[in-house]
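Here are a few exercises to work through with the model open beside you. Try each task on your own before you read its solution.

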Amino acid sequence: MAGRNVPSDPPRPLKSDRSASDDGHGARRPYPKEWERHPRLPDGTPVFIRPLRADDKRLYPAFLSRITPNDLRMRFFAPVKDFSPAFIARFTQIDYAKAMAFIALDEASGEMLGVGRLHTLTPGDTGEYAVLVRSDLKGHGLGWLLMQTLIEYARAEGIRTIQGEVLAENTTMLRMCAELGFHVADNAGEPGVRTVTLTVA
């Protein structure tokens, strides 16, 4: 959700987009099974939200194929056409000691519906978030569920602030952030971008 709003630029990865190998971090936490959840969308549809695993890379091609080019641009701030194994690996190799990603799955079929990520920028202080939901599911409450899960996780980890960058035209994300209590401000360094910040109680 960060980057330059210049169509010719390649996607600039967020901290939350880094793979575990990018961090050079030592000891890693085991898979945190305690964060598995089975909520329902407002229409009653059951979903399975759990921490992302490396083997989820197999789910990404079908998931990305159901996201419109414009929604990908909203997420990465530039057109995205490279869905190579290396691109997908960047998102599925998670070091739980420094980052968390929650994947939302259809409870019945196991299809990937969305993903929310949080990467710690400064230990115990600030985390940067990113959320991506399948385009045909926008407006169904899935993004809200993923954001609430990220906020719950940040609170449990003692992360005091969640922040992100959102294109000004992404009114759906900005409205959701405002409803969740995020402070929305202009980004002085990047016209057309809003910085959203939430103090986690």
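**Exercise 1. The pocket**

What volume does the largest pocket have? Then find out what lines the largest pocket.

*Solution.* Before we start, two notes on the source. This is a predicted model, in which local features need pLDDT of at least 70 and side-chain atom pairs count only at pLDDT 80 or more, while totals for chains, interfaces and linings use all residues. Residues are numbered from 1 along each chain as its sequence is written, and side-chain values use heavy atoms, with hydrogens and water left out.

Step 1: The volume of the largest pocket is about 440 Å³. A pocket here is an open set of points on a 1 Å grid where a 1.4 Å probe fits, with protein on both sides within 12 Å along at least five of seven lines; lining residues have an atom within 4 Å of a point. The volume is the space filled by probe spheres set on the points, which are joined across faces, edges and corners.

Step 2: Count the lining, and you reach 21 residues, with Val 133, Lys 138, Gly 143, Thr 172 and Met 173 nearest the centre.

Step 3: Sort the lining by class, which gives 10 nonpolar, six polar and five charged residues. Asp, Glu, Lys and Arg count as charged; Ala, Val, Leu, Ile, Met, Phe, Trp, Tyr, Cys and Pro as nonpolar; and the others, Gly among them, as polar.

Step 4: Trace the elements. At least two lining residues come from each of helix 3 (69-76), strand 4 (126-133), helix 5 (142-157) and helix 6 (171-179). Helix 6 gives the most, with five residues. Helices (H or I, at least four residues) and strands (E, at least two) are DSSP runs, numbered from the N terminus.

**Exercise 2. Strand pairing**

How many bridges join strand 5 to strand 7? Then turn to strand 6 and strand 7.

*Solution.* Step 1: Seven bridges join strand 5 (residues 161-167) to strand 7 (residues 193-199), and the two run antiparallel. Strands pair if DSSP finds at least two bridges between them. Ile 162 has Leu 198 in strand 7 as its bridge partner.

Step 1: Strand 6 (residues 183-186) is joined to strand 7 by four bridges, also running antiparallel. Here Val 184 stands opposite Val 196.

Step 2: The hairpin of strand 6 and strand 7 has six residues between the strands, and Gly 192 takes a positive phi near 85 degrees.
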